[in-house]
Each structure stands twice: as structure tokens, then as C-alpha cells.
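The sequence and the model come first, and the reading of them follows.

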Amino acid sequence: MVKIGLQFKATLENVTNVRPVGEDFRWFLKLKCANCGEIPEKWQYINLMDSVPLKGGRGSASMVQKCKLCARENSIDIMRDTITPYNAEDSERFKTMVQFECRGLEPVDFQPQAGFAAEGAESGTKFPEITLLEKDWTEYDEKTSESVGIYEVTHQFVKC
């Protein structure tokens with residue numbers, strides 16, 4: 001079992017507390033089979049609501065799948081207690097946002113989509129429905145009469 005962290009990096013403008021929202025937040029990943037190296041073309045997602053039992057009664061995982069090439073059963077699980085927000089002071093630096101417990105699968109790419117939220121850094125204004133598919137998001141904070149945004153979203157994976 002390997003623990004892999006998804007590190008998030010963005011430039012924040014007048015916002016803080018960027019985070020995934022809810023048990024049904026979808027982490028869209030491309031996953032590589034650690035046994036044979038196969039990386040399926042399509043994006044797959046995992047979330048906290050899904051729990052699939054592992055063979056032999058060894059607990060459960062967010063996703064269990066059989067590799068199409070080598071037929072090995074692999075799993076990946078979201079480590080619930082590791083989900084942390086990306087704050088104003090983290091701007092332009094990599095910070096681990098979540099960790100995955102991996103058995104035979106390794107995330108190699110991440111695609112942020114809908115389901116993020118943030119708050120105005122000065123005003124506390126809630127921005128509950130942020131989509132980062134375009135790697136940029138902008139809005140206007142009425143309370144401070146300033147533009148707010150999340151720009152140049154990127155990521156990397158690290159072993160924990």
C-alpha cells in the first residue's frame with residue numbers, strides 16, 4: 001500500500017479556503033496499473049460516498065477495479081482526514097489537498113471540475129459553486145467591490 005498526495009497550486013486573488021465540497025465531490029483521475037503500466041484513456045472519478053469491499057475481507061476502498069491488460073485487482077481509497085483547503089497564504093505554492101491510499105493503482109493525472117467552494121479573503125463572502133475545469137475562475141465580491149479569482153490551477157502527485 002502506497003500513500004500518494006495530490007498537491008494543488010493556484011494563484012488566488014482575494015479568495016481563501018478553496019476546497020472540495022461534500023461527500024459526493026468527484027476527484028477525476030487518470031489511474032495507472034502499478035503491475036503492467038496500463039493507463040486507460042478515459043477519466044475516472046472517486047468520491048467519499050463510494051465504498052467497495054476488498055477481496056478477502058481486508059476492508060473497503062473508494063474504487064476497486066480489475067486491470068483490462070493484466071487482470072490484476074487494484075484499489076484506491078480517499079483518506080478522508082487528509083482533505084485540506086487551499087488558503088490565501090498557500091497561493092502560488094504546492095500544497096497537499098488530499099491523500100489517496102493506493103493498492104496497485106497510481107494516480108498520474110487530475111482534472112479539477114465542479115464542486116469547489118471558496119470565501120472572500122477579506123469579506124468572508126461565500127462562493128459555493130466553483131468550476132475549475134478551465135483552470136481559471138473569476139467572480140465579483142459585492143461586499144468589497146473587488147474582483148476575485150483562482151488562476152493557473154495546476155497539480156502534482158507526491159508520495160507521502
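## Salt bridges

A salt bridge is taken here as a side-chain nitrogen of Lys or Arg within 4 Å of a carboxyl oxygen of Asp or Glu. The model is a predicted one, in which local features need pLDDT of at least 70 and side-chain atom pairs count only at pLDDT 80 or more, whereas totals for chains, interfaces and linings use all residues. Residues are numbered from 1 along each chain as its sequence is written, and side-chain values use heavy atoms, with hydrogens and water left out.

By this rule the count comes to five salt bridges. One of them joins K126 to E119, with the closest N and O atoms 3.4 Å apart. K126 is exposed, with a relative accessible area of 57%, on a scale where buried means under 20% relative accessible area, exposed over 50%, and partly exposed in between (1.4 Å probe, protein chains only). Through salt bridges that share partners, R19, E119 and K126 are joined into one network.

## The two ends of the R19 contact

R19 forms a salt bridge with E119, and here the closest N and O atoms are 3.9 Å apart. Because R19 lies in strand β2 (residues 15-20) and E119 in strand β11 (residues 116-120), this pair ties together parts that are 100 residues apart in sequence; strands are DSSP runs of E with at least two residues, while helices are runs of H or I with at least four, and both are numbered from the N terminus. R19 is partly exposed at a relative accessible area of 23%, whereas E119 is buried at 18%.

A further salt bridge links K95 with D90, whose closest N and O atoms are 3.1 Å apart. K95 counts as partly exposed at 23% relative accessibility, and D90 is buried, with a relative accessible area of 11%.

## Strand β11 and its partners

Because five of the five residues of β11 are buried, this strand is largely enclosed by the rest of the structure. Strands β2 and β11 pair in the antiparallel sense over four bridges, where two strands are said to pair if DSSP finds at least two bridges between them. Within this pairing, R19 stands opposite A117 in β11.

On strand β12 (residues 126-130), three bridges make the join to β11, and these two strands run antiparallel. Here E119 stands opposite K126 in β12, the residue with which E119 also forms a salt bridge. Strands β11 and β12 form a hairpin with five residues between them, and G124 in the turn has a positive phi of about 75°.

## A negative surface patch

Residues E92, E134, D136 and E152 form a negative surface patch. Patches are made of residues with over 30% relative accessible area and no salt bridge, like charges being joined within 9 Å and nonpolar side chains (Val, Leu, Ile, Met, Phe, Trp, Tyr) within 5 Å.

## Overall architecture

The protein has zero helices and 14 strands. Along its principal axes, the C-alpha trace spans about 55 × 25 × 25 Å. Of the 160 residues of the protein, 43% count as buried.

Methods:
Accessible areas come from the Shrake-Rupley method with a 1.4 Å probe; for residues, only the protein chains shown count as cover. Lys and Arg count as positive and Asp and Glu as negative; His and the chain ends are not counted. The place of a charge is taken as NZ of Lys, CZ of Arg, CG of Asp or CD of Glu.
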